Amino acid sequence: MFISVSHLGKDFAKKPRALDDLTIDLPSGMIGLVGPNGAGKTTLMRILCGIVRPSRGNVLVDGCDIAEARNRRALKKSLGYLPQDIEPYPSLTPLEFLDYVGVLKGMDDKRERKRQADELIERVGLADVRTRRIGGFSGGMRRRVGIAQALMGDPQLLVVDEPTAGLDPEERMRFRTLLATLGRDRTVILSTHILDDVAQTCPYVCVLRKGRLRFDGATGNLVDEAHGRTWLTGPRMVPPEGAIVVNAVGDAYGTRYRVIADRCPEGAEPVAPTLEDGYMALAAGSADG
Amino acid sequence: MSFLRLARVHTRMARRQSALWAVSILLTLIAVGIALIAMPDLAKPTGSQVDLAFLGQTLGLVPAIAYAAAFTDLASAPARLGIMEIEDSTPVSPVKLLAARVTGMLWVMIWPSAVALVVCGFMQSPNGFLSVLTALAVFAATVAPLAFLAAALSAFIGSLLPQALARITAAAAWCVVVCFTTFAPMPVGASRSKMGVVTDAICQGFFGCQPVIDLDAMGGSAAYTAFDASLLLVLRIALTLALVAVAALISRKRNFQRK
């Protein structure tokens with residue numbers, strides 16, 4: 001599935017320019033969508049899912065403009081969406097909820113809905129509680145129900161917003177593996193604050209800031225933003241002035257700071273940049289918006 | 001077909017809220033009690049369709065106050081739960097979905113009324129089942145549309161106001177509508193009738209009843225024909241659908257303005 005976004009803009013009453021002249025071509029496969037809070041990621045995803053209409057611009061999915069109701073309906077039949085905040089109906093069991101979502105997605109065959117629901121329940125590790133009501137689930141378990149419902153109907157476009165929020169490390173690894181498998185033959189747009197998830201699963205990444213596109217391209221190219229500019233300070237050194245602190249690492253000798261700077265701070269050593277470093281370097285470079 | 005499947009899911013969810021159908025059974029029994037006192041022949045072979053129609057009116061009036069208070073979060077609950085975004089990302093229209101939600105939940109609440117009418121119809125018919133059919137017609141023409149209208153009004157008010165305030169406002173609004181009988185002068189057919197929420201016009205036109213409230217004293221017309229009753233029923237259904245549609249659209253707009 002090929003998605004082309006052209007001069008997309010969205011204004012809300014209380015937030016003008018939530019998206020501002022966004023133009024991207026999204027390839028098939030796994031795509032990471034990152035940015036600070038309020039960057040416009042969720043707004044972009046809602047527009048791609050046909051939930052919200054843009055104020056300007058258009059979105060073409062495989063050449064079809066989703067501004068037309070017929071095209072939007074067709075897109076929604078092959079779409080799976082996991083919003084950031086979701087509470088499945090508490091009085092339903094996971095199986096019943098997935099069946100409901102299947103009906104919403106236009107799956108008329110009851111047996112097929114049941115087969116997919118059973119398979120997805122297994123995949124997200126909820127087989128033991130398939131007939132228990134969702135109201136009694138933990139936050140992580142409800143999140144997994146949310147992930148399963150996004151996969152109902154075998155969607156060709158999967159849009160997931162913070163999918164691993166609330167999941168424990170083991171669940172996060174399992175979901176990461178699941179996403180990577182899915183990304184082979186469909187388009188998966190993954191919005192997350194956890195850059196490690198993007199680094200592990202997404203060969204392509206888009207960075208939004210204040211409604212505008214700051215970067216789109218191979219994930220390796222984003223890492224290169226910090227190439228030759230990433231340093232690890234010595235223990236008990238204060239972060240140099242003007243340098244961007246990515247994180248602090250404590251060890252037996254004291255605290256070391258991982259920083260982005262054009263020149264090597266005194267006593268610091270160069271380190272190989274990660275996606276986090278590249279993102280911070282990009283964010284600092286475009287801080288003026 | 002998908003409408004029925006969606007409604008069935010919401011029926012299942014409503015059925016699991018035991019307080020809902022327990023209250024509806026209680027209110028139905030109260031309405032039946034009122035009707036039996038007013039019409040002693042209601043459940044006897046000497047009873048007539050007029051008695052059944054009156055039972056239908058009380059079943060439409062008494063429990064509907066509870067419907068008006070119970071459905072205020074029908075349009076807003078999915079937004080609150082975060083389900084609305086998932087539902088909006090599917091091909092089903094929000095209006096169809098809300099209608100399925102209303103239907104599914106309402107069916108749990110109005111089946112006791114249907115049972116009460118059918119039982120009374122059965123007891124009026126030792127030698128034939130015409131009165132059972134009449135009971136079903138009363139249910140379809142008076143109880144169900146009135147219940148849907150109360151639920152739709154409740155969902156509409158609930159989409160505008162905070163829940164606690166919405167419940168009180170919706171119940172009060174329903175009582176005002178019932179007590180004053182008419183929404184506004186609406187010329188209907190040759191008799192220039194006014195639309196009556198208490199279903200006087202429909203019961204008069206279809207079943208030959210006398211009005212519960214004396215419309216002559218309020219400046220209304222003296223008699224309603226079957227044609228008037230049909231038009232008023234269609235108007236009522238149209239108003240219900242309009243309230244459902246507006247409630248769905250308002251909830252969607254508020255959901256995406258909030259975030």
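Q: How many salt bridges are there between chain B and chain A?
A: The count is 4. A salt bridge here is a side-chain nitrogen of Lys or Arg within 4 Å of a carboxyl oxygen of Asp or Glu. This is a predicted model: local features need pLDDT of at least 70, side-chain atom pairs count only at pLDDT 80 or more, and totals for chains, interfaces and linings use all residues. Residues are numbered from 1 along each chain as its sequence is written, chains are lettered from A and ligands numbered from 1 in the order in which they are written, and side-chain values use heavy atoms, with hydrogens and water left out.

Q: Which side chains meet in a salt bridge at 3.8 Å, N to O?
A: A:Glu96 and B:Arg12 do. Side chains of opposite charge can pair when their charged atoms come close.

Q: And which helices of chain B supply the side that touches chain A?
A: α1 (2-15), α4 (77-81), α5 (83-88), α6 (94-123) and α10 (226-258) of chain B each supply at least two residues. Helices are DSSP runs of H or I, at least four residues; strands are runs of E, at least two; both are numbered from the N terminus.

Q: Which one gives the most?
A: α1(B), with 7 residues.

Q: What about classes on that side of chain B?
A: The side of chain B that touches chain A has 11 nonpolar, 5 polar and 9 charged residues. Ala, Val, Leu, Ile, Met, Phe, Trp, Tyr, Cys and Pro count as nonpolar, Asp, Glu, Lys and Arg as charged, and the others, Gly among them, as polar.

Q: How many residues are in contact across chain B and chain A?
A: 25 residues of chain B are in contact with 30 of chain A. Contact means heavy atoms within 4.5 Å.

Q: What area is buried there?
A: About 2,700 Å², and carbon and sulfur atoms give 62% of that. Buried area is the accessible area (1.4 Å probe) that two parts lose on being put together, summed over both.

Q: Back to salt bridges. How many over all chains?
A: The rule gives 24.

Q: What does A:Arg115 pair with?
A: A:Glu112, with the closest N and O atoms 2.7 Å apart. Both lie in helix α4 (residues 110-123) of chain A, 3 residues apart, about one turn of the helix.

Q: What about A:Arg130?
A: A:Arg130 forms a salt bridge with A:Asp118, closest N and O atoms 2.9 Å apart. A:Arg130 lies in the loop between α4 and α5 (139-151) of chain A, and A:Asp118 in helix α4 of chain A, so the pair ties together parts that are 12 residues apart in sequence. Salt bridges that share partners join A:Lys114, A:Asp118, A:Glu122 and A:Arg130 into one network.

Q: New topic. Which residues touch the most other members of the largest nonpolar core?
A: That core has 62 residues, and B:Leu55, B:Leu59, B:Tyr67, B:Phe71, B:Leu98, B:Leu117 and B:Trp174 touch the most other members. A nonpolar core is a set of buried Ala, Val, Leu, Ile, Met, Phe, Trp, Tyr and Cys residues joined through side-chain atoms within 4.5 Å.

Q: Where does the largest share of this core come from?
A: From α7(B), with 15 residues.

Q: What does B:Leu55 touch?
A: Not counting residues up to four places away in sequence, B:Leu55 touches B:Ala31, B:Val32, B:Ala35, B:Leu42, B:Ala116, B:Leu117 and B:Cys120. Another core lies apart from the largest one; this other core has 58 residues, among them A:Leu104, A:Leu158, A:Leu282 and B:Met13.

Q: Why is helix α1 of chain A largely enclosed?
A: Because 7 of the 8 residues of this helix (residues 41-48) are buried. A:Lys41 and A:Arg46 are among them.

Q: And what follows α1(A)?
A: A:Gly50, with a positive phi near 75°.

Q: Last one. Is A:Thr230 buried or exposed?
A: Buried, at a relative accessible area of 2%. A:Thr230 is found in strand β11 (residues 230-232) of chain A. The A:Thr230 side chain reaches the backbone oxygen of A:Ala226 at 2.9 Å.

Terms used:
Buried means under 20% relative accessible area, exposed over 50%, partly exposed in between (1.4 Å probe, protein chains only). A polar contact is a pair of N or O atoms within 3.5 Å; within protein, one must be able to donate a hydrogen and the other to accept it, and residues adjacent in sequence count only if both atoms are side-chain atoms.
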